[in-house]
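The following paragraphs lead through the architecture of a single model. Please keep the sequence and the coordinates in view while reading.

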Amino acid sequence: MTKKAGKNYAEEYDKSWKKYDFIVNLYQLGRDTLHRRRALQLGGLKEGDTVLDLCCGTGLSFKAIQSIIGPKGKIIAIDINEHMLAVAKQRAADHGWTNIEFSSKPIEELQLTEQVDFAFFALCWYDKELSRGWIKSVSRFMDREKGRICFMDYKLPDNWLRPVIYPLLWIEIKWLGESYTIEELKWKPREVIGGMLRDAQYKAYFFDCLVAVAGKPL
Ligand SMILES: C[S@@+](CC[C@H](N)C(=O)[O-])C[C@H]1O[C@@H](n2cnc3c(N)ncnc32)[C@H](O)[C@@H]1O
């Protein structure tokens, strides 16, 4: 179980898993899959790739990933919250996606027998130290040159929208019962995440409220 400074980053979804998809889609005005696809494209995901979907949650990234990797590709989906993972498994079954393997092991204990091409961390940035450990953990299973690691997450816009988005994001965080605060979203993802990857690329989109950062493993 992931614990950092007394916070638990997985148990909170015991309470919010039923409303999770609705809230995430609402905040992105129903364009969640499209937004994930843009992050994956920035990361250079390709047809036939094997993808690690870290902290896969309810599997909201599956559709976007599948639309690029196709049936020749494969997803290894990892999450330690049993409710979130159950929704993800049901989603895969409903769509007939047989190229997805699931694991309920924490990322910290990740053990794989194969190399992966792409590691995707969507909406699961919690803190620098934790994420650095996760990047290290997944880098062991990637080619140093061909492998790609991609983060997609929320940010507060650096424009006139900030005062409008601030209360909306505050509501979303409270509604989901997230263990981080809106103050923690006053961060510099380009520098912070980009500084942990090699040859990092950065893109802010959706009115500067979302960010995608991708690069080579450590
Ligand atoms: C905000 S959700 C994001 C879910 C999904 N990636 C998405 O974009 O909707 C964060 C997820 O991270 C999972 N999680 C937290 N710590 C983890 C760990 N150490 N290993 C695996 N999953 C973890 C939680 O259980 C939760 O489902």
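Which residues are exposed on the other side of H4? The model is a predicted one, in which local features need pLDDT of at least 70, side-chain atom pairs count only at pLDDT 80 or more, and totals for chains, interfaces and linings use all residues. Residues are numbered from 1 along each chain as its sequence is written.

Helix H4 comprises residues 82-95; helices (H or I, at least four residues) and strands (E, at least two) are DSSP runs, numbered from the N terminus. Its 14 residues reach 20 Å from the first C-alpha to the last, close to the 20 Å expected at 1.5 Å a residue, the expected span being 1.5 Å times one less than the number of residues.

Met 84, Leu 85, Val 87, Ala 88 and Ala 92 of H4 are buried. They lie on the same side of H4 because they cover an arc of only 160° around the axis, taken from the directions from the helix axis to the C-beta atoms. On the other side, Glu 82, Gln 90, Ala 93 and Asp 94 are exposed. Buried means that 20 or more other C-beta atoms, placed from the backbone, lie within 10 Å of the residue's own, and exposed that 12 or fewer do.

The buried residues of H4 pack against helix H1 (13-27), helix H3 (62-69), S4 and S5, with contact defined as C-beta atoms, placed from the backbone, within 7 Å. Strand S4 (residues 74-78) runs parallel to S5 and is joined to S5 by four bridges; two strands pair if DSSP finds at least two bridges between them. Ile 78 stands opposite Ser 103 in S5.

Notes: Contact = placed C-beta atoms within 7 Å.
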